[in-house]
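My entries are below, in the order of looking.

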Amino acid sequence: MDVEEALARVIDGARAFGERKPLLIGIHTGGVWVAERVHEGLGLDEPLGTLDISFYRDDFSRVGIHPQVKTSHLPVPLDGRHIILVDDVLHTGRTIRAAMNEIFDFARPASIALAVLIVRDGRELPVQPDIAGATISLKPWQHVKLTGPDPLGIRITEKGE
């Protein structure tokens, strides 16, 4: 899979939302890397928002505090705004659910569109992207990981690696 091609598809897909003047919000960490590139590709003036969903995860009580918790940064009010939520990989849908929970704790946006670099199988929640760069199919024991931020790349790993 060519990461730059996938990124170009995400940028092109995000252009369709331009008339709404959306706010881009990236999910830490890989989603922020992708959102930074999309933000640059669209030439947006408004600052990029970032979310850390660590405390919104539904497995928080099982995994505890992640050692690299980052802060969320939402530079403008979200009420009534159109948002493009950006993540690197859509797998189960649980990360996106957690991100939307956090967004709604801040405000009530007009809409949320989901843009992801990579869609993979294994959905557990009814979450589908509005914009996708590439789709891959993996075995249940495989994982896809975005590497970066410069250059962006992907790595397929086996459970336990």
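The entries go from the whole chain to single residues.

**Entry 1: ground rules.** I am working on a predicted model, where local features need pLDDT of at least 70, side-chain atom pairs count only at pLDDT 80 or more, and totals for chains, interfaces and linings use all residues. I number residues from 1 along each chain as its sequence is written, and side-chain values use heavy atoms, with hydrogens and water left out.

**Entry 2: fold.** I looked up the secondary structure and found four helices and seven strands. Helices (H or I, at least four residues) and strands (E, at least two) are DSSP runs, numbered from the N terminus. Along the sequence I read the order α-β-α-β-α-β-α-β-β-β-β. The radius of gyration is 15 Å, close to the 15 Å of the globule rule for 161 residues, so the chain is as compact as a globular protein of that length. That radius is taken over C-alpha atoms, and the rule is 2.2 Å times the number of residues to the power 0.38. I noted a C-alpha trace spanning about 40 × 35 × 30 Å along the principal axes.

Entry 3: I find 44% of the 161 residues buried. Buried means under 20% relative accessible area, exposed over 50%, and partly exposed in between (1.4 Å probe, protein chains only). Of the contacts with a separation of 6 or more, 66% join residues 24 or more positions apart; a contact means heavy atoms within 4.5 Å.

**Entry 4: charges.** I looked up 18 positive and 23 negative side chains, with the centres of the two sets 4 Å apart. Lys and Arg count as positive and Asp and Glu as negative, while His and the chain ends are not counted. Each charge is placed at NZ of Lys, CZ of Arg, CG of Asp or CD of Glu.

**Entry 5: salt bridges.** How many salt bridges does the structure hold? I have six, a salt bridge being a side-chain nitrogen of Lys or Arg within 4 Å of a carboxyl oxygen of Asp or Glu.

- Glu5 pairs with Arg9, with the closest N and O atoms 3.3 Å apart. Both sit in helix 1 (residues 3–15), four residues apart, about one turn of the helix. Glu5 is partly exposed at 45%, and Arg9 is partly exposed at 42%.
- Arg94 meets Glu124 at 2.6 Å, N to O. Arg94 is in helix 4 (residues 94–106) and Glu124 in the loop between strand 4 (111–120) and strand 5 (131–136), so the pair ties together parts 30 residues apart in sequence. Arg94 is partly exposed at 31%, as is Glu124 at 49%.
- Asp121 pairs with Arg120 at 3.7 Å between the closest N and O atoms. Asp121 is partly exposed at 30%, whereas Arg120 is buried at 4%.

**Entry 6: Asp87.** Is Asp87 buried or exposed? I find Asp87 buried, at 5% relative accessibility. Asp87 is placed in strand 3 (residues 82–90). Leaving out residues up to four places away in sequence, I list Ile27, Gly31, Thr95, Ile96, Ala115, Val116 and Leu117 as touching Asp87.

**Entry 7: Val127.** I looked next in the loop between strand 4 and strand 5, where Val127 lies. Val127 is buried, with a relative accessible area of 11%. Beyond residues up to four places away in sequence, Val127 touches Leu90, Gly93, Ile96 and Leu114. The C-alpha atoms of Val127 and Gly93 are 5.5 Å apart, although 34 residues separate the two along the chain.
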